[in-house]
Amino acid sequence: MEIRFEQRQNLKEKPNMNELGFGKYYTDHMFMVDWIEGKGFVDPRIIPYGPIEFDPASLVLHYAQETFEGMKAYKTEDGRILLFRPDMNAKRFQTSNERLCMPTVPVEDFIQAVHELVKKEASWIPTNPGTSLYIRPFMFAYQPKLGVHAASHYKFMVILSPVGSYYKEGLKPVSIYVEDQLVRAVKGGTGFAKCGGNYASSILAQMKAEEMGYSQVLWLDGVEHKYVEEVGTMNAMFVIDGKIVTAPLEGSVLPGVTRDSMIQVLKSKGYTVEERKLSIDELIEAAKNGKLTEAFGTGTAAVISPIGKLAYKDEIFFDNNKIGEISQMLYDTLTGIQTGKIEDTFGWTYEVK
Ligand SMILES: *Cc1c(COP(=O)(O)O)cnc(C)c1O
């Protein structure tokens, strides 16, 4: 793919790299390519970052034909730029797009778009501990038409945002409310796809949790409201009796790159990982018997989010309010590999040269 470059006239002023937050600032340029039925991908370009115009009848605004990815670029101490398993994101983007009846981007084109944009914006990659350049590839339907059907016109874009730690307080245990009414996804739906619609329908539960003083929800399965699936927008893991238990990928759970990486790190260190159904009753029982020693969420944005408190139907059944040993080890190992501080024996890092 030949990417055209249109340089911005006046480069933006860089933000204070000590107060980045998450998703507050965007870099000077963005990647964009159109997909038009009968023509395929047209005019891949890196252009000045800014508002884009499209018709009010664009399909995405009405029927939410939209998918996205989330990944990060890191600068190592010796100045190299590293991506983490970009092929996994590229492949998942294809899976999501297939589910939403959208065109798939070839893996090498997806990686090339990210690579070239990150390289152009290298001066935006923050270097303070815990910071990185967040990468947001996404695609949406912009054909103006109100009939419900797959669109004929799409844009695939990539934008970049320098980010600090996901949580203002850094790696800190969060309190979680088990949501037993609202559901995130069901098998047969779009739970395994990274699409905006999943997020739109999750906000109500998040707000409910926040009103009650919790920071996120633990989702139960959509059929029986019995098995634990994900925590907020992260995969969930539990250490029970020394073994790590996480929900299996059976259609309603998003196949996280961090989840997969954690499983491999854990297995390489001799831990037993069980990808299996875990009922809320078993979880509460394990907590009461003292067998539940750690719980945490995993995802690109936060890497690890230790769960310090868990509540179900007004009862707090897990309350240790600390960062567990395994959580800390996983955080250190993964961020170590991602930032080039620890040797990458898995072959996960990809250098942007
Ligand atoms: C993106 C996402 C995750 C985490 O995936 P990573 O690839 O690890 O970032 C988990 N659950 C949901 C619902 C997500 O959207």
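Mentor: A residue is near a molecule if one of its heavy atoms lies within 4 Å of it. This is a predicted model, where local features need pLDDT of at least 70, side-chain atom pairs count only at pLDDT 80 or more, and totals for chains, interfaces and linings use all residues. Residues are numbered from 1 along each chain as its sequence is written, and side-chain values use heavy atoms, with hydrogens and water left out.

Trainee: Which residues around the ligand come nearest?

Mentor: Around the ligand there are 14 residues, of which K194, Y199, E230, T258 and T300 come nearest.

Trainee: How is a polar contact read?

Mentor: A polar contact is a pair of N or O atoms within 3.5 Å; within protein, one must be able to donate a hydrogen and the other to accept it, and residues adjacent in sequence count only if both atoms are side-chain atoms. Here an oxygen atom of the ligand is 2.4 Å from a side-chain N or O atom of Y199. For the side chain of T258, an N or O atom is 2.5 Å from a ligand oxygen atom. A ligand nitrogen atom is 3.3 Å from a polar backbone atom of T233.

Trainee: How much of the ligand does the protein bury?

Mentor: Accessible areas come from the Shrake-Rupley method with a 1.4 Å probe; for residues, only the protein chains shown count as cover. The ligand exposes 370 Å² taken alone, and the protein buries 96% of that.
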